[in-house]
Amino acid sequence: MKLLVTGGAGFIGSAVVRLAVSRGHAVVNLDALTYAACLDNVAEVADSPLYAFKRADIRDRPALDAVFAAHKPDAVMHLAAESHVDRSIDGPGDFIETNIIGTYNMLEAARTYWINASKPETFRFHHISTDEVYGSLPTDPSVQFTEDTPYDPRSPYSASKASSDHLVRAWHETYGLPVVLTNCSNNYGPYHFPEKLVPVIILNALAGKPLPIYGDGSNVRDWLYVEDHADALLLVVEKGALGRSYNIGGENERSNLELVQTLCGILDELQPKASGSYADQITFVTDRPGHDARYAIDPTRIREELGWRPSVTVEEGLRRTVQWYLDNEAWWRALQDRHGVGERLGVSAVSDTARQTASDANGWSTGK
Ligand SMILES: NC(=O)c1ccc[n+]([C@@H]2O[C@H](COP(=O)([O-])OP(=O)(O)OC[C@H]3O[C@@H](n4cnc5c(N)ncnc54)[C@H](O)[C@@H]3O)[C@@H](O)[C@H]2O)c1
């Protein structure tokens with residue numbers, strides 16, 4: 001199959017690109033190379049005859065039409081997005097433009113291409129989204145997000161992703177575009193950009209810096225190893241039912257505090273400190289505004305209809321992840337200089353409008 005993958009120089013997109021090429025699929029990686037991108041993420045496939053890269057912005061419709069015309073994909077896997085909740089709080093504009101307008105452009109470019117190709121039945125537009133569109137769950141473990149949970153996004157990021165999901169469904173219902181959707185939980189693993197929780201904790205621990213935990217650390221997330229996610233996405237694009245959405249989770253619920261303590265335990269084993277534990281560096285910091293209490297995925301549909309399950313426990317996945325960061329210092333050092341990395345972002349909303357303006361002017365939030 002020839003796949004057009006958007007956002008393939010990012011964290012999850014690059015895992016999809018690597019796995020797809022290793023399984024013999026041809027891949028065109030379309031990416032604007034924002035602050036969050038790194039072409040080293042796909043270095044292991046860059047010389048493959050199955051791989052092509054095109055730098056393009058999904059806000060640029062003519063550029064998208066040119067990529068469709070040149071490469072004639074059998075399916076689209078749309079991952080390109082602004083993805084960091086804290087940056088969306090400081091500067092939502094890029095999230096509206098890329099996640100909503102960019103997805104609209106992708107849908108229109110795909111629809112035009114599909115019509116011009118006489119509407120092949122096998123064509124798929126796979127939209128990759130998040131469980132954050134469902135809002136926040138109570139702590140009761142029997143309550144989980146299903147595909148029928150009403151949307152209730154609460155951050156600019158999740159609202160922009162919810163909007164894009166609605167557009168994708170509308171293009172299916174209105175124009176018959178053959179779409180599939182997935183909503184997944186928090187990913188972690190190799191090549192995770194060093195502004196997200198797991199790499200921040202690993203790298204701060206190694207640097208002897210405080211390990212910042214928002215609020216009291218009780219927020220619960222369902223952790224999914226990125227390579228398991230990539231495997232699920234390839235299954236859905238090949239076998240998912242038309243117009244259907246699938247929740248993808250790791251069946252690994254942990255509070256943020258538990259997750260950080262697990263990471264500290266693994267680091268204590270793999271790279272012991274001269275004295276004491278990395279857990280001694282844990283510090284609690286002001287919470288993120290509107291911080292959702294709990295996300296948990298009910299993965300029954302993808303398990304029963306497509307036979308997919310995560311292959312690793314969170315302990316095993318975190319161990320592999322920590323080892324990867326220990327082995328790949330050159331990769332993460334190069335990214336730590338990028339704008340906003342290592343700074344506390346997303347606190348402007350707790351202050352006043354003037355502070356929001358100052359933050360925007362600083363450029364923390366532009367994502368470029
Ligand atoms: N990371 C997670 O835990 C998670 C969980 C659920 C869903 N998702 C979704 O998965 C997708 C990928 O997430 P990620 O964590 O890999 O993100 P990421 O931020 O690591 O990568 C995003 C990629 O998209 C590219 N991009 C951004 N704006 C673009 C534009 N205008 N045009 C073209 N390319 C652009 C970036 O350059 C980058 O390579 C996103 O749609 C996100 O909403 C992520």
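The talk below goes through confidence, the sheet, a helix and the ligand shell.

Mentor: This is a predicted model, where local features need pLDDT of at least 70, side-chain atom pairs count only at pLDDT 80 or more, and totals for chains, interfaces and linings use all residues. Residues are numbered from 1 along each chain as its sequence is written.

Trainee: What is the average pLDDT of the protein?
Mentor: pLDDT is the predictor's confidence in each residue, from 0 to 100. The protein averages 92, and 93% of the residues score at least 70. Over residues 352–368, however, pLDDT stays under 50. Where pLDDT is low, the predicted coordinates should not be read in detail.

Trainee: How do you know which strands belong to the open sheet, and what is their order?
Mentor: Strands are DSSP runs (E, at least two residues), just as helices are runs of H or I with at least four, numbered from the N terminus. Two strands pair if DSSP finds at least two bridges between them. β2 (residues 26–31) and β3 have five bridges, in the parallel sense, and therefore count as a pair. Val28, for instance, has Ala52 in β3 as its bridge partner. The seven strands run β3-β2-β1-β4-β5-β6-β11, with parallel pairing.

Trainee: What makes β3 and β11 edge strands?
Mentor: β3 (51–55) and β11 (245–248) each have a single partner strand, so one side of each lacks a neighbour in the sheet.

Trainee: Which strands does helix α7 lie across?
Mentor: Helix α7 (residues 226–239) lies across β4 (75–78), β5, β6 (179–184) and β11, at about 160 degrees to β6. Axes are lines fitted to C-alpha atoms, for helices over the stretch in contact (C-beta atoms, placed from the backbone, within 7 Å). Angles run from 0 to 180 degrees between N-to-C directions.

Trainee: Which residues come nearest the ligand?
Mentor: Near means that the C-beta atom, placed from the backbone, lies within 6 Å. Of the 30 residues around the ligand, Gly7, Gly10, Ala32, Ala37 and Ala81 come nearest. The elements giving two or more residues to the shell are α1 (11–22), α4 (93–116) and β5 (124–130). α1 gives the most, with three residues.

Technical notes
Two residues are in contact if their C-beta atoms, placed from the backbone, lie within 7 Å.
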